[in-house]
Amino acid sequence: MLKMRLKFYLAIATVIFLVELPRASSTGEEHLRAVIIFFRHGDRAPVSLYPTDPYNKTFWPMGLGQLTNLGKVQVYELGKWLKERYGGLLTVRESYVRSTDYDRTLMSAECCLAGLFPPDPNQTWNSELNWQPIPVHTTPLVNDAVLAMEVPCERHRELYQSLVSNDLDEGTEELYDYITQNAGRPVHNLRGLQDIYDTLHVEDLHNLTLPNWTKKVYPDQLRKLASYEFTLSTNTTQMARLKTGLLFNEIYHNINDASFNSKPAMRMYSGHDTTLANLLNTLQIFDPHSPPYGAALLFELRSKSDELYVNVVYKNSTTPTNITLKDCEFDCPLETFNKILDEIRLDYEDWVLECTMPLRSSRSTAQSALFGFFITILLLSLFMYGILVVCNIRSRSNYVKIPEMENYL
């Protein structure tokens, strides 16, 4: 009888324990609900060569702008780091991967996935190849307004041109002239300067001896100005919304949709240095620099004690850094994070509407209205004058001359 009672109480205690355990874990433990990953592709050959460049295309057998073997290793190691960080919580089934439509970013996405998702025994299809195919999605550049940000936006173009037209000072103009003379290519703005810096930087990374003329300006002077160039496309709130609003709108919806998921979801975006710089600068957390190869920006949705919050982490090549958003702590409540994004995100219809209302159209509209007003006044004046002339003619035709009085006397 005593044994039966003990078994009964043990069964009751077991049931209570099993019921209370999930409740305790849901209130006391931290859980990853979703992660959105943006990263720059791996090391590549220069995108372009300047006319006096001593290193022609033969130095880059993979082709200009193409991923190098070093670049493949860099993003593969990033994938391994992501696997270690998330401890196997992420699965291929709950993942979506997108890349800009460049060879180097598509290949980087594949290499990163190889490090993140090595096949387990059930996924192994070739005993000699520790790799499994994972879909990578892309959009043609001419249609990609979200990730590549290549679709023209007239309003942003005018804002950008207005901004960069004022970036010349005496020292910068002298620098432009110096580089133009030595590189053999006209350089008259920060964009052109950044292109020269990028080529020199890549050649320097590959241990190629740079020409003597570069010692006067490379690396320090060029790096400072090239880093500043990364801020120009998102220099104002309006420019930032037009440049990154569609992407932040996608982040917003993905994060909030994932708040209902039972399994952690992952969205990965393989992009460029400009991708990371634009996102960071729009959030007003960018320390101007050129994001290195394999750098990554993470948006993590986590839950603890039934509360949802977002963490932002920037992995600048090696060490991950926790980022504190403006007006929000590191563990940023989802509601507050949504409010931050509400100020900068745009859906496609609103983006198209704002992009097709260029600044000059506003000025032209005002000028046209003023011109139209004067034309209207002129036409009305001519019309009234015409009426007066007609009336005057009619009054003369109906005029009967009265005989002079003296003829009757």
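So, Cys111 first: its sulfur sits 8.8 Å from the closest cysteine sulfur, the one in Cys112, and that's too far for a bond. For a disulfide, we want a pair of cysteine sulfur atoms within 2.5 Å. Cys111 counts as buried because its relative accessibility is 19%, and Cys112 is buried too, at 0%. Buried here means under 20% relative accessible area, exposed means over 50%, and partly exposed is in between, with a 1.4 Å probe and protein chains only.

Quick caveat: this is a predicted model, where local features need pLDDT of at least 70, side-chain atom pairs count only at pLDDT 80 or more, and totals for chains, interfaces and linings use all residues. Residues are numbered from 1 along each chain as its sequence is written, and side-chain values use heavy atoms, leaving out hydrogens and water.

Okay, how many disulfides does the structure hold? Two. One joins Cys153 to Cys355, S to S 2.0 Å. The torsion about that S-S bond is about -95°, so the Cys153 and Cys355 disulfide is left-handed. This pair links distant parts of the chain, 202 residues apart: Cys153 is in the loop between E3 and helix H4 (154-164), and Cys355 is in helix H11 (residues 348-355). Helices (H or I, at least four residues) and strands (E, at least two) are DSSP runs, numbered from the N terminus. Both Cys153 and Cys355 are buried.

Then there's Cys328 to Cys332, S to S 2.1 Å. Here the torsion is about 115°, so that disulfide is right-handed. Cys328 is buried at 6% relative accessibility, and Cys332 is buried at 0%. Number the bonded cysteines in sequence order and you get the pairing 1-4, 2-3.
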